[in-house]
Amino acid sequence: MVKPTRLTNAIRNLRFANAEMTQADLAEKIGVTRQTIIAIEQGKYSPTLEMAFQIARALKVPFDEVFQYPDGAAD
């Protein structure tokens, strides 16, 4: 069973704010599948650090506007 990540993200909202970019558009820009974007958006998969920065760059926002890690979640 896959353990959900505590890393949260605003990818869905940012896609819509960015000319209503689709999951497929974002996936193509960073070189992954649409299913990967779906899993990241749903918190079922944590992207690599490199992929996370690619997502932020593709959405044209700073990294910390895309991804958040809740305080006290390191336990």
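Student: What covers the buried residues of helix 3?
Tutor: The cover includes strand 1 (8–9), helix 1, helix 2, helix 4 and strand 2 (67–68). Helices (H or I, at least four residues) and strands (E, at least two) are DSSP runs, numbered from the N terminus. Before we go on, this is a predicted model, where local features need pLDDT of at least 70, side-chain atom pairs count only at pLDDT 80 or more, and totals for chains, interfaces and linings use all residues. Residues are numbered from 1 along each chain as its sequence is written, and side-chain values use heavy atoms, with hydrogens and water left out.

Student: Which residues of helix 3 are buried?
Tutor: Ile37, Ala39, Ile40 and Glu41. Buried means under 20% relative accessible area, exposed over 50%, and partly exposed in between (1.4 Å probe, protein chains only).

Student: Which helices do the two partners lie in?
Tutor: Glu41 is in helix 3 (residues 34–41) and Arg15 in helix 1 (residues 11–17), so the pair ties together parts that are 26 residues apart in sequence.

Student: Is that pair buried or exposed?
Tutor: Both Glu41 and Arg15 are buried.

Student: How many salt bridges does the structure hold?
Tutor: One.

Student: Zooming out, how many helices and strands are in the chain?
Tutor: Five helices and two strands. Along the sequence they follow the pattern β-α-α-α-α-α-β.

Student: What percentage of the chain is buried?
Tutor: Of the 75 residues, 33% are buried. The chain exposes about 5,200 Å², with carbon and sulfur atoms supplying 53% of that. Those areas come from the Shrake-Rupley method with a 1.4 Å probe, and for residues only the protein chains shown count as cover.

Student: What share of the contacts comes from residues 24 or more positions apart?
Tutor: They account for 60% of the contacts in the chain with a separation of 6 or more.

Student: OK, helix packing. At what angle do helix 2 and helix 3 pack?
Tutor: About 110°, with their axes 8 Å apart. That makes helix 2 roughly perpendicular to helix 3. Gln23, Ala24, Leu26, Ala27 and Ile30 of helix 2 make the contact with Arg34, Ile37, Ile38 and Glu41 of helix 3. The axes are lines fitted to C-alpha atoms, for helices over the stretch in contact, and the angles run from 0 to 180 degrees between N-to-C directions. Angles under 35 degrees count as roughly parallel, over 145 as roughly antiparallel, 65 to 115 as roughly perpendicular and the rest as oblique.

Student: What about helix 2 and helix 4, at what angle do they pack?
Tutor: About 120°, with the axes 10 Å apart. Helix 2 and helix 4 are therefore oblique to each other. On the helix 2 side the contact is made by Leu26, Lys29 and Ile30, and on the helix 4 side by Met51, Gln54, Ile55, Ala58 and Leu59.

Student: How far apart in space are Met51 and Ile30?
Tutor: They are 7.4 Å apart, C-alpha to C-alpha, and 21 residues apart in sequence. Met51 counts as buried, because its relative accessibility is 11%. Apart from neighbours within four places in sequence, Met51 is in contact with Ile30, Val32, Thr36, Ile40 and Tyr45.

Student: Switching to backbone: what is the phi of Ala19?
Tutor: Positive, about 60°, although Ala19 is not a glycine. Most residues other than glycine have a negative phi. Ala19 lies in the loop between helix 1 and helix 2 (23–30), and at 74% relative accessibility it counts as exposed.

Student: And where does Lys60 lie?
Tutor: In the loop between helix 4 (49–59) and helix 5 (63–66). Lys60 has a positive phi of about 60° without being a glycine, and it counts as exposed at 68% relative accessibility.

Technical notes. A salt bridge is a side-chain nitrogen of Lys or Arg within 4 Å of a carboxyl oxygen of Asp or Glu. Contact means heavy atoms within 4.5 Å.
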